Amino acid sequence: MFAMKISEGGRMVIPATLRRLLAVSDGDTVIWVVHDNEVRLTTRKRQLDLARALVQQYIPAGSAPDLVDELIQDRRKENRNESK
C-alpha cells in the first residue's frame, strides 16, 4: 500500500518504488480505473497485454491468421460480387 498527498491542482507524485513496480517512467501513460468508489492504477502496456490475451482466446491454437490478408481477401471477394 502506498500513500500519496494531493498537491495544488490535484497533482500527485507516484512514489519511485511504485513506478519501478509498474515499469513506468517519464512520459508514459498510466490509466486510472474507477470501480465502486475505488481507483486502480494500471499502465497502457498492461491494458494492451490484457486485450491481446482476450483476442487470443478466439484464435485457434497453432494458427496465426494474418488479419490484414484476410481483410484484403474479403474486400476483393465483395468487389467481385458487386461487379457481377
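Q: Where is the place of glutamate 70 in this predicted model?
A: Helices here are DSSP runs of H or I with at least four residues, strands are E runs of at least two, and both are numbered from the N terminus.

Q: Is glutamate 70 buried or exposed, or does it fall in between as partly exposed?
A: Let's set the classes out: buried is under 20% relative accessible area, exposed is over 50%, and partly exposed is in between (1.4 Å probe, protein chains only). Glutamate 70 has 40% relative accessibility, so it counts as partly exposed.

Q: Which residues gather with Glu70 in a patch of negative charge on the surface?
A: Patches take residues with over 30% relative accessible area and no salt bridge, joining like charges within 9 Å and nonpolar side chains (Val, Leu, Ile, Met, Phe, Trp, Tyr) within 5 Å. Asp and Glu count as negative, Lys and Arg as positive, while His and the chain ends are left out. The residues gathered with Glu70 are Asp66, Asp69 and Asp74.

Q: Which residues form the positive surface patch?
A: One member, arginine 76, lies in helix 3, residues 67-83. Arginine 76 counts as exposed because its relative accessibility is 53%. The patch is formed by Arg76, Lys77, Arg80 and Lys84.

Q: Which residues do salt bridges that share partners join into one network?
A: A salt bridge puts a side-chain nitrogen of Lys or Arg within 4 Å of a carboxyl oxygen of Asp or Glu. In helix 2 (residues 44-56), lysine 45 and aspartate 49 are 4 residues apart, about one turn, and their side chains meet at 2.9 Å, N to O. Aspartate 49 also pairs with arginine 52 at 3.6 Å, N to O. The shared partners make one network of Lys45, Asp49 and Arg52.

Q: Which residues is threonine 42 in contact with, leaving aside its neighbours within four places in sequence?
A: Threonine 42 lies in strand 2, residues 38-43, and counts as buried at 8% relative accessibility. Taking contact as heavy atoms within 4.5 Å, the partners are Val30, Ile31, Val33 and Gln47.

Q: What pLDDT do local features need in this predicted model?
A: Residues are numbered from 1 along each chain as its sequence is written, and side-chain values use heavy atoms, leaving out hydrogens and water. Side-chain atom pairs count only at pLDDT 80 or more, totals for chains, interfaces and linings use all residues, and local features need pLDDT of at least 70.

Conventions
Accessible areas come from the Shrake-Rupley method with a 1.4 Å probe; for residues, only the protein chains shown count as cover. The place of a charge is taken as NZ of Lys, CZ of Arg, CG of Asp or CD of Glu.
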